[in-house]
Amino acid sequence: MTDYTRQTGLFTQLDALAAAVGATVDVGDGGPEARNAAVESVTSDSRQARPGDLFAATPGEKVHGAAFAVSAIEAGANAVLTDAQGRDILRRDLGGRSVPVLVVDDPRAAVGKAAALILGEPAADLDSYAVTGTNGKTTTAYMVESILGALGRKPGLIGTVEIRLAGMSVPAHLTTPMPDELQSYLAFHRRGGGTDVVMETSSHALVQGRSDPVRFTVAGFTNLTQDHLDFHGTMERYYQAKASLFTPERARNAVVSVDGEYGRRLLAECAPRLEGEVAALAVDSGLPDLPDGVVGWKALALEGSSFVLESTDGRRLATSTSLPGDFNVANAALAAVMVMTAGYSPDELARALPAGINPSVPGRMEVLNARPRVIVDFAHNTEALVNAMKALRPSTEGRLVVLTGSAGDRDKGKRPAMGAAVARYGDFVYITDDDPHDEDPAVIRAAVIEGTRGFDTPVVEIADRSQAIDAAIAEASERDTILLAGRGHETIQEVAGVPIELDDRVEARRALRKRARVHDGEEKA
Ligand SMILES: CC(=O)N[C@H]1[C@@H](OP(=O)(O)OP(=O)(O)OC[C@H]2O[C@@H](n3ccc(=O)[nH]c3=O)[C@H](O)[C@@H]2O)O[C@H](CO)[C@@H](O)[C@@H]1O[C@H](C)C(=O)N[C@@H](C)C(=O)N[C@H](CCC(=O)O)C(=O)O
Ligand SMILES: Nc1ncnc2c1ncn2[C@@H]1O[C@H](COP(=O)(O)OP(=O)(O)OP(=O)(O)O)[C@@H](O)[C@H]1O
């Protein structure tokens, strides 16, 4: 089987590699010949180490990767990249054995650089698109990929749901892979004839420099609302993480959605510092005063999900998307402007997309049944929930039934706000479990339910998600819409460290079959 995560490059001399990543080489008790050691790939996970590897020992949240260096070396790694603390751990653990150690201040930042050098800078041969923001990354990335495919390119996709490159697709573990894996994916894609890569860059990844040293052809910003404060601490730090994509080292060109405050701030801050084209995109709002040289794009929504994009420099594109919701017009507009900012003309896009921008995005407003309408969506923060419910309200004949929970060990502050949102915009609410991780799920549900107080909307608590889906579908009328929110494409629920198979789409289909049997039975009786 091809190992996508472990592509190998040419052997690279350690001395040259150290110079390129700004490391000093410590050979311990080894002689000068130790500097001639060579490496052909990089891994930051000792469990994946192989002969010829450079093991990147980075400090983690719980443990320093250097604690695993000995097992990486036993598996064949012949050099280690780490910081001074890691070097000390390694020298202690290694006893008399001598292994060359490349020492840098920030080994996390050096991992991607080292892997890119060894693999021959794969990103340099690809056009690369990065999407960041709180909501809409996955959907927009699929849309960019589908536009590029329609234009005859061979794009790859790296994101929350899957990694799809040069003819293969594997489920993703992280939204943005670790740097050694990312460089390997890029090398694999280039070897397979790929021309472009579209990826989601999470705020965690940006803080950790996972995509470095890729300098994206176009970086796109969707929006910023509260999420991930467990990791970032404050909204300001969360914003700064996102904004760091829009710097000359990380992006040549940029498209910034300016419907929100953070987008307008980002536009003002990044316009003077980026070398290429910077575009501002307004969908729900007017364009702000544009900094010098910035191209403004306005999306004008037409009937259904058709829209027209017009730029301040005279470009115009009329297109559409079949994905429901105003926010998907915003995502499609961003995707189209990103591709045009890379150099494609509106005419090329119009010819390539006769039916509009219609990728199928797993677990994103995915319609499973028509009557009652059952929709699975990944909305797991307040903003996304509100948008999903607003998108479904106009086409809902009966009640809008919403089922949600909130994940454990993540931003706890958002739970009551999520509860208030579903009680305000829904007609009937089921509160159930999401991924509790190591938290007590009853405490999480209570925090969400707390937010629903003060509204007249009926709220039913059913801990077991599969039973809650069953109840929502069994009790709905044909005219109702049932929004199963929060887990989207996910197939594993983590409860106290135990992974349990749970896919909302599978549960909903099972509940729909059961409902059909009951209805058949009633008709025959
Ligand atoms: C906060 C964060 O980014 N954590 C990631 C990070 O963990 P860490 O730095 O604490 O690593 P650690 O577990 O302490 O281990 C330290 C080092 O030892 C190595 N190690 C560890 C064990 C071993 O046996 N051998 C070994 O070599 C590890 O590979 C690592 O390099 O490195 C680990 C190894 O690659 C990741 O699994 C882990 O992601 C965890 C699972 C995670 O949940 N990350 C989330 C928060 C995340 O990154 N999410 C964003 C998207 C968020 C969103 O938009 O929804 C993402 O991009 O996916
Ligand atoms: N532009 C948008 N604005 C607000 N909400 C959106 C937008 N696009 C999608 N959503 C909502 O957010 C949910 C997640 O969408 P998507 O997966 O595209 O975003 P994401 O940024 O990749 O999310 P995550 O970071 O959690 O993986 C969707 O299911 C939908 O409810």
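Predicted model: local features only at pLDDT ≥ 70, side-chain atom pairs only at ≥ 80, totals over all residues.
Residues are numbered from 1 along each chain as its sequence is written, chains are lettered from A and ligands numbered from 1 in the order in which they are written, and side-chain values use heavy atoms, with hydrogens and water left out.

**View 1. Domains of the chain.** The chain is assigned domain 1 (12–117), domain 2 (123–352) and domain 3 (366–524); such bounds come from an automatic or database domain assignment. Taken over C-alpha atoms, the centres of domain 1 and domain 3 are 47 Å apart.

**View 2. The site of ligand 1.** Around ligand 1 there are 23 residues, and Glu61, Arg108, Thr175, Ser202 and Arg210 come nearest; a residue is near a molecule if one of its heavy atoms lies within 4 Å of it. The shell takes at least three residues from each of domain 1 (12–117) and domain 2 (123–352). By class, the shell holds six nonpolar, eleven polar and six charged residues. Here Ala, Val, Leu, Ile, Met, Phe, Trp, Tyr, Cys and Pro count as nonpolar, Asp, Glu, Lys and Arg as charged, and the others, Gly among them, as polar.

**View 3. Polar contacts and cover of ligand 1.** A polar contact is a pair of N or O atoms within 3.5 Å; within protein, one must be able to donate a hydrogen and the other to accept it, and residues adjacent in sequence count only if both atoms are side-chain atoms. A polar backbone atom of Glu61 is 2.7 Å from an oxygen atom of ligand 1, and for a polar backbone atom of Lys62 the distance to a ligand 1 oxygen atom is 3.4 Å. Arg108 places a polar side-chain atom 2.6 Å from an oxygen atom of ligand 1. On its own, ligand 1 has 1100 Å² of accessible area, of which the protein covers 74%. Accessible areas come from the Shrake-Rupley method with a 1.4 Å probe; for residues, only the protein chains shown count as cover.

**View 4. The site of ligand 2.** Ligand 2 is surrounded by 18 residues, the closest being Lys137, Thr138, Thr139, Arg364 and Asp377. Domain 2 (123–352) and domain 3 (366–524) both give residues to this shell, so ligand 2 lies between them. Four residues of the shell are nonpolar, ten polar and four charged. In the side chains, an N or O atom of Lys137 is 2.5 Å from an oxygen atom of ligand 2, and one of Arg364 is 2.4 Å from an oxygen atom of ligand 2. For Thr160, the distance from a side-chain N or O atom to a ligand 2 oxygen atom is 3.3 Å. The protein covers 95% of the 620 Å² of accessible area that ligand 2 has on its own. Two or more residues come from each of α5 (137–150), α11 (326–341) and α13 (382–392), and α5 gives the most, with three. Helices (H or I, at least four residues) and strands (E, at least two) are DSSP runs, numbered from the N terminus.

View 5. Most residues other than glycine have a negative phi, and most peptide bonds are trans. The peptide bond from Asp212 to Pro213 is cis, with omega near 10°; Pro213 sits in the loop between α7 (203–208) and β13 (216–221). Arg371 and Pro372 are also joined by a cis peptide bond, with omega about -5°, and Pro372 is in the loop between β19 (366–369) and β20 (373–377). His437, not a glycine, has a positive phi of about 50° and belongs to the loop between β22 (428–431) and α15 (441–452).
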